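Here are some friendly notes to read alongside the model. Take the points in order, and keep the 3D view open as you go.

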Amino acid sequence: MVMQFTLALRYLAGRKLRTFFTTLAIVLGVAMIVAVNGMVPAVMTAFRQNMLAAAGKVDLSVTSEARSGFGIEVLDTVRQVPGIAHASGSLRRNLMLPLGSPVNAVTVVGLDDAAQKVRAYSVTAGRFLQPGDGNVLLLSLIH
């Protein structure tokens, strides 16, 4: 065992530049792996947040087990929780249309005034809902 160790030391001492570059490559490789592993959680969190924002999703959604609506007092309770920046209420219902209609079903979504603070809605023509609008319809066409 001592003989192999002596031969290895002689080889390394005889080729100092090669030993230096090999050691440097190993140190840099380990440093890169440690740095990338340290960045992965932050990159994944940023990627997730960007994807959720692009898809119009939010960080927290409160629904009932029966998928029924809540009273306005529940929204007020959520808005008062520390750490909640914006809260918006919405009601979503799928409606089946009669046979022979050009489409089979329609999804009707009711929004409150704070809807644009929570989700991004892109309007290609016309305008988005304004506070005080009553009996107004905003159409989203999916081809």
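1. Let's begin with charge. The protein carries 13 positive and 7 negative side chains, and the centres of these two sets are 27 Å apart. Here Lys and Arg count as positive and Asp and Glu as negative, while His and the chain ends are not counted. Each charge is placed at NZ of Lys, CZ of Arg, CG of Asp or CD of Glu.

2. A word on what you are looking at. This is a predicted model, in which local features need pLDDT of at least 70 and side-chain atom pairs count only at pLDDT 80 or more, while totals for chains, interfaces and linings use all residues. Residues are numbered from 1 along each chain as its sequence is written, and side-chain values use heavy atoms, with hydrogens and water left out.

3. How many salt bridges does a search of the whole structure find? The search finds one, where a salt bridge means a side-chain nitrogen of Lys or Arg within 4 Å of a carboxyl oxygen of Asp or Glu. The partners are D133 and R127, with their closest N and O atoms 3.1 Å apart. Side chains of opposite charge can pair when their charged atoms come close.

4. Are these partners buried, exposed or in between? D133 counts as partly exposed because its relative accessible area is 29%, and R127 is partly exposed too, at 46%. The cut-offs are under 20% for buried and over 50% for exposed, with partly exposed in between (1.4 Å probe, protein chains only).

5. Now the overall fold. The protein has four helices and two strands, in the order α-α-α-β-β-α from the N terminus. Helices (H or I, at least four residues) and strands (E, at least two) are DSSP runs, numbered from the N terminus.

6. The C-alpha atoms fill a box of roughly 90 × 45 × 35 Å along the principal axes, and 5% of the 143 residues count as buried.

7. Finally, find A46 in helix 2, which covers residues 16-54. A46 counts as partly exposed because its relative accessibility is 36%. Its C-alpha atom is separated by 44 Å from that of S101, 55 residues apart along the chain.
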